[in-house]
Structures are given as C-alpha cells and as structure tokens.
Amino acid sequence: MVNDVWEVVPRPQDKSVAGSRWIYKVKYAADDSVEKYKARFVAKGYAQKEMIDYEETFAPVARYISIRIVISLVAQMGWKIHQMDVKMTFLNGVIEEEVYIEQLEGFETHEKKSHVCRLKKALYGLKQAPRAWYRRIDGYL
C-alpha cells in the first residue's frame with residue numbers, strides 16, 4: 001500500500017483476474033539460528049494467457065563471455081566496478097497492461113469484498129514483471 005502497487009476496484013466483467021498468495025521464508029544465520037522471517041506477496045502468473053493478459057515477456061541474460069570481457073576491460077583500464085542489488089526490484093516496474101489480482105489474504109477491504117486489485121506496478125510472479133522492470137531501469141540508465 002505504501003509503494004502504491006495496486007488500487008481496489010470493482011471486479012471487471014471482461015478481464016481475467018489472477019490469483020495471488022503469500023510465500024513465507026525463514027532466513028538462517030551461519031550458526032543455524034533464525035536470522036529473520038520474510039514474507040513476499042506474489043501473483044499466480046501461471047494463470048495468465050498470452051495475448052490476453054500480456055503481450056510479451058522478457059528476461060535479459062548476460063552471457064559468460066560478456067561478463068569476462070567487461071571484467072578484463074576494468075582490470076586493464078584501472079576502472080572501478082560496482083555491483084548493486086535493488087530491493088523490491090519488480091515493485092519498481094510500472095505495468096502498461098491492465099492486470100487484476102484477487103485481494104490480498106489478510107488485507108481485504110471489508111466493505112468491498114467482491115472487489116479486486118488493479119495493479120499499477122509489477123509483482124513477482126507476473127509474466128510481464130521482468131520486462132516492466134527492465135524498461136524502467138533502461139530508461140533511467
């Protein structure tokens with residue numbers, strides 16, 4: 001809600017609505033003690049149909065030789081190399097298509113139980129999530 005990922009709207013008659021679920025994970029420290037508990041909300045993207053719910057998918061892949069060339073150039077030229085990890089990556093990708101999911105379990109809007117969530121940003125599990133994120137980072141860089 002803070003990230004403005006969705007808005008609650010009446011259920012559309014002519015659009016499909018994807019399911020959603022919570023995924024829970026326990027992260028352990030090196031000494032096998034519990035470091036933290038994590039929860040992630042994902043869309044059931046496997047129910048999406050191509051050309052109905054999304055136009056195309058995309059996942060950029062770096063070839064091993066490309067990585068070796070970049071590291072070689074960095075070493076030869078004395079450049080600095082930096083790796084970054086973006087937290088909540090897909091929540092930063094804006095969706096162009098109209099995508100609807102069921103309301104989140106535990107966060108239902110009580111006066112609007114028959115409503116669904118219209119996504120404004122991508123969620124993990126959606127077919128178009130990698131493309132939306134790539135389009136956003138490419139535009140920035």
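How much space lies in the largest pocket? About 690 Å³, in a predicted model where local features need pLDDT of at least 70, side-chain atom pairs count only at pLDDT 80 or more, and totals for chains, interfaces and linings use all residues. Residues are numbered from 1 along each chain as its sequence is written, and side-chain values use heavy atoms, with hydrogens and water left out.

A pocket here is an open set of points on a 1 Å grid over the protein atoms alone, where a 1.4 Å probe fits, with protein on both sides within 12 Å along at least five of seven lines; lining residues have an atom within 4 Å of a point. Volume is the space filled by probe spheres set on the points.

**Stop one: the largest pocket.** Select Ala-39, Arg-40, Met-88, Leu-91 and Tyr-124, the closest to its centre of the 23 lining residues. Then colour strand 3 (20-28) and strand 4 (34-43), the elements giving two or more residues to this lining; strand 4 gives the most, with five. (Strands are DSSP runs of E, at least two residues; helices are H or I, at least four.)

**Stop two: Arg-40 and Tyr-124.** Zoom in on this pair: Arg-40 lies over the face of Tyr-124, 4.8 Å from the ring centre. The cut-offs for Arg are CZ within 6 Å of the ring centre and within 35 degrees of the ring normal.

**Stop three: the second largest pocket.** This one holds about 430 Å³. Pick Pro-60, Trp-133, Tyr-134, Ile-137 and Leu-141, the closest to its centre among 18 lining residues. Next, show helix 1 (64-77) and helix 2 (129-140), each supplying at least two residues of the lining.
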